[in-house]
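Here is a friendly briefing to read with the chain open in your viewer. Please take a look at the sequence and the structure before going on.

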Amino acid sequence: MDNLTSRSNTWKQINEKLAKRGEIGTKLKLICEIHGTVTEVETGNDFRKNSPGGGCKSLCNFQLSCTHQCEEICHVMNRDHDFYKCPKPCLKSCSNAHPCKSRCFINCPPCEIKMEKLLPCQHIRNMSCHMDPAKVTCMVMIEKKKPCGHMEELACHKDPATVRCREMVKKLLQCRLHTKAAECHVDGETITCKVNVTKILQPCGHEQVEECHKNPEMIKCITKVEKEFPLCKHKITLDCKDAKNEKLICRHHCSVRLQCGHQCTKLCHVENDPNHITHQCKKQCERECENGHPCPTKHKCYENCPPCKVMMEKLLSCGSHTDRLSCDVDIDSVLCGGRCLRKLPLCGHQCLKLCHEDCFPCQVLVLKMAPCNHKQQVKCSEIPQRTKCNELVKPRHISECGHDTLVRCKVQDSILPREILEYCNRPCNYQFKDQGKDGCTHRCKGSCSKCRQGRLHHKCQEECGKTLVCGHVCTFPCASLCPPCQKPCEMRCEHSTCMAICGEPCSGCKVKFIIVC
């Protein structure tokens with residue numbers, strides 16, 4: 001109230017009037033309109049504790065239509081109790097005075113208490129109290145007579161006229177010849193007669209045991225008959241029903257031997273390639289080549305065999321030599337590599353060419369007289385010529401060195417003096433002068449032509465013989481520089497001998513010893 005009076009004059013005036021009447025305090029008095037009970041509340045929790053239903057804390061005790069009293073706390077809402085559900089046991093009973101077992105607010109269900117009732121058929125049956133005996137099916141078993149005159153134990157409610165009679169009796173079947181035991185309700189005209197009888201079939205006329213109900217014209221005859229095929233004349237035994245089948249084919253195996261030697265594996269085929277012109281033999285190939293070697297690979301007989309690769313000795317087309325060749329090689333395609341054995345008809349010499357080569361001209365070397373009157377070795381088929389004569393003769397001119405020199409006959413007339421010098425083989429024999437440290441006293445081993453008449457001597461190839469610094473003698477050619485000595489080193493100490501080459505430095509001795517001064 002202080003907050004209101006501090007901000008508004010109106011509330012100040014209201015506060016003064018309430019205070020004069022003693023209507024301002026910390027508690028509020030509540031009066032229950034139903035029971036007249038006064039209750040003081042000071043806080044919000046006091047409302048929930050002292051007036052939970054809007055009234056007081058006393059029980060409602062309102063008299064309900066079911067004669068029970070309301071057991072809730074005093075409430076101001078739903079005072080007519082239209083929505084109140086009474087939780088107490090129901091006080092009602094069924095027409096047979098059986099008490100209801102539900103709660104009061106629930107509508108009473110049909111009474112399920114079992115009791116005996118008299119049915120319209122005068123049989124007594126145990127059923128629920130609410131059930132109408134007139135609507136209950138009587139299940140008592142009694143003897144009843146059916147329209148056929150047979151007695152059967154049926155439920156009381158069943159009409160005998162609606163029940164099939166299961167009594168077994170003999171029935172005359174549709175054929176009017178045979179009977180069969182069947183249930184009474186079954187019509188004999190509807191039963192199929194399965195008695196085995198002998199029937200004459202149509203149109204073949206054979207007798208066959210079949211069931212009585214079957215029509216002889218519809219029965220398939222299985223009597224065995226023999227049939228001959230008109231083209232191949234083979235005969236087969238088959239059922240009579242199949243004898244007139246135009247699509248029937250001969251199942252005999254073809255007995256024809258093929259060109260490969262195998263028997264045909266097809267069934268009789270007189271209407272399809274009877275002469276085996278297009279037939280392909282599918283068996284494994286067993287052919288041999290013309291030399292008797294079996295086929296090297298496994299393949300079907302109708303396929304071409306691969307070339308035979310067996311190596312064998314073959315006489316070549318020359319008729320004289322043989323060669324080891326593959327079996328499939330044609331000898332006419334092979335060039336004979338042997339020596340020709342034929343003799344030439346003109347000279348009578350043995351041919352020196354290979355067998356496959358042309359024998360002419362003759363290749364035998366013979367001596368013939370050339371026009372220069374020298375004998376010349378030439379091929380038998382050739383004519384000797386002076387231009388090819390290599391006999392040594394004196395030239396028409398004198399060599400520049402003055403020596404008597406022989407030249408080849410073919411250049412005797414055309415060679416010049418300076419050219420003759422090339423043919424001079426007279427030893428030089430020039431003695432090299434001792435020119436001190438680097439000279440020698442050996443004689444030149446060259447010829448007049450090689451030393452150019454002494455102007456340029458051939459290098460001396462004599463052993464050097466000079467003493468090297470190590471004391472050994474040099475054995476290399478005189479014209480070359482003396483190389484380092486290649487002989488074993490002769491140096492040694494008191495412990496070991498040097499194993500190095502003389503021209504190389506000695507390896508030092510590793511033995512330690514004491515030197516006394």
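What follows goes from the whole chain to a handful of individual residues.

This is a predicted model. The protein has 517 residues, and 26% of them count as buried. Its secondary structure comprises 4 helices and 20 strands.

**Overall form**

- The radius of gyration is 76 Å, whereas a compact globule of 517 residues would have one near 24 Å.
- Along the principal axes, the C-alpha atoms fill a box of roughly 185 × 130 × 65 Å.
- Among contacts with a separation of 6 or more, 9% join residues 24 or more positions apart.

**Surface and charge**

- You will find 80 positive and 58 negative side chains, with the centres of the two sets 5 Å apart.

**Cysteines**

- The structure holds 0 disulfides.
- Cys-355 is buried, with a relative accessible area of 8%.
- Cys-372 has its closest cysteine sulfur in Cys-389, at 3.6 Å, which is likewise too far for a bond.
- Cys-372 counts as buried too, at 16% relative accessibility.

**The loop between E4 and E5**

- His-98 sits in the loop between strand E4 (73-75) and strand E5 (114-118).
- Is His-98 buried or exposed? Its relative accessible area is 18%, so His-98 is buried, the cut-off being under 20%.
- Leaving aside residues up to four places away in sequence, His-98 touches Lys-92, Ser-93, Cys-111, Ile-113, Met-115 and Cys-129.
- His-81 also lies in the loop between E4 and E5, and His-81 is buried, with a relative accessible area of 7%.

**Backbone points to check**

- Most residues other than glycine have a negative phi, and most peptide bonds are trans.
- His-81 has a positive phi, near 55 degrees.
- Thr-67 has a positive phi as well, near 80 degrees.
- Thr-67 is found in the loop between strand E3 (54-59) and E4, and Thr-67 is exposed, with a relative accessible area of 52%.
- The peptide bond from Gln-202 to Pro-203 is cis, with omega near 5 degrees.
- Pro-203 belongs to the loop between strand E11 (196-200) and strand E12 (207-211).

Terms used:
Residues numbered from 1 in each chain as written. Predicted model: local features only at pLDDT ≥ 70, side-chain atom pairs only at ≥ 80, totals over all residues. Heavy atoms only, no water. Helix = DSSP H or I, 4+ residues; strand = E, 2+ residues; numbered from the N terminus. Rg over C-alpha atoms; globule rule 2.2 N^0.38 Å. Buried < 20%, exposed > 50% of the residue type's maximum accessible area, 1.4 Å probe, protein only. Contact = heavy atoms within 4.5 Å. Lys, Arg positive; Asp, Glu negative; His and termini not counted. Charge placed at Lys NZ, Arg CZ, Asp CG, Glu CD. Disulfide = S-S within 2.5 Å.
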